[in-house]
Amino acid sequence: AIGLGSPTFLGATPELLVKLENGKVTATSLAGSSARGKTDSQDMRFEAKLLSKEKDLREHAHVVDAIKTSLGNLCATIDWDQKPSIVKLESVQHLITTFRATTDPHRHLLELAELLHPTPAVGGTPQNHALAAIRLLEQWDRGWYGGAVGRLDQSGNGELGIAIRSGLVKNKRALLFAGACIVDGSSPQDEWDETELKFKPLLHALCELD
């Protein structure tokens, strides 16, 4: 939670943009989503489907490729998971690939953030065309949504997450944000349902829901 005067921006991001500790770099690709099951067996079926679904794997690969290219510009070595795994949250599960890299120990966290952000998950790809389309089609200001939030020390080390699944709270009103990656093969209804899953944690935190 970050307060700036009366409004407070808050959330619990599942997505690490970049972490830097004395030349050791960590980043994640988090793209491709499914609901959680109501039973363990149903949850495992949803997981298996997500791990094999062509549309979600292609969506995930866009982010993996972008991170790989960006880190290659500043890092001496890069290693990443050759296949995505699953991270499970309260209402949704995601495909995740973790990157581990090394860079100059005097490198600053913000140098890496400048290259990595926005990832295709929030800025689209190819980036120039996607960002131009977003500016044209989105009839509202994202504010801090989709930006980077975290900690930074005086040596340039720190950790930044991507401000998604978040909310702007002022007095007794809250404006909540969630999104979905739209690619060839996306279903409008499925993407709408996915955003509703992503809204649940903040809605439950802020409201009394059945």
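Apart from residues within four places in sequence, Asp43 is in contact with Arg36, Gly37, Lys88 and Gln93. The model described here is predicted. Asp43 belongs to helix 1, which covers residues 40-52. The relative accessible area of Asp43 is 6%, and the residue is classed as buried because this value is under 20%.

Thr119 is placed in the loop that links helix 3 (109-116) with helix 4 (120-123). Its relative accessibility is 3%, so Thr119 counts as buried. When residues up to four places away in sequence are not counted, the contacts of Thr119 are Glu15, Leu17, Val63, Gly124 and Ile162. Thr119 is thus a buried loop residue, and its listed contacts include Glu15 and Ile162.

With residues up to four places away in sequence left out, Leu89 touches Pro14, Arg36, His94 and Arg165. Arg36 is among the contacts of Leu89 and is also among those of Asp43. The separation between Leu89 and Leu131 is 42 residues in sequence and 29 Å in space, taken from C-alpha to C-alpha.

A nonpolar patch on the surface is formed by Ile2, Leu4 and Trp144. Together these residues have about 300 Å² of accessible area. Trp144 is located in the loop between helix 5 (127-137) and strand 8 (148-152). Its relative accessible area is 42%, and Trp144 is therefore partly exposed.

Strand 10 (residues 166-170) and strand 11 (residues 173-177) run antiparallel and are joined by 5 bridges. Within this pairing, Val169 has Ala174 in strand 11 as its bridge partner. The two strands make a hairpin with 2 residues between them. In this hairpin, Asn171 adopts a positive phi near 55°.

Note on methods
Residues are numbered from 1 along each chain as its sequence is written. This is a predicted model: local features need pLDDT of at least 70, side-chain atom pairs count only at pLDDT 80 or more; totals for chains, interfaces and linings use all residues. Side-chain values use heavy atoms; hydrogens and water are left out. Helices (H or I, at least four residues) and strands (E, at least two) are DSSP runs, numbered from the N terminus. Buried means under 20% relative accessible area, exposed over 50%, partly exposed in between (1.4 Å probe, protein chains only). Contact means heavy atoms within 4.5 Å. Patches are made of residues with over 30% relative accessible area and no salt bridge: like charges are joined within 9 Å, nonpolar side chains (Val, Leu, Ile, Met, Phe, Trp, Tyr) within 5 Å. Accessible areas come from the Shrake-Rupley method with a 1.4 Å probe; for residues, only the protein chains shown count as cover. A salt bridge is a side-chain nitrogen of Lys or Arg within 4 Å of a carboxyl oxygen of Asp or Glu. Two strands pair if DSSP finds at least two bridges between them.
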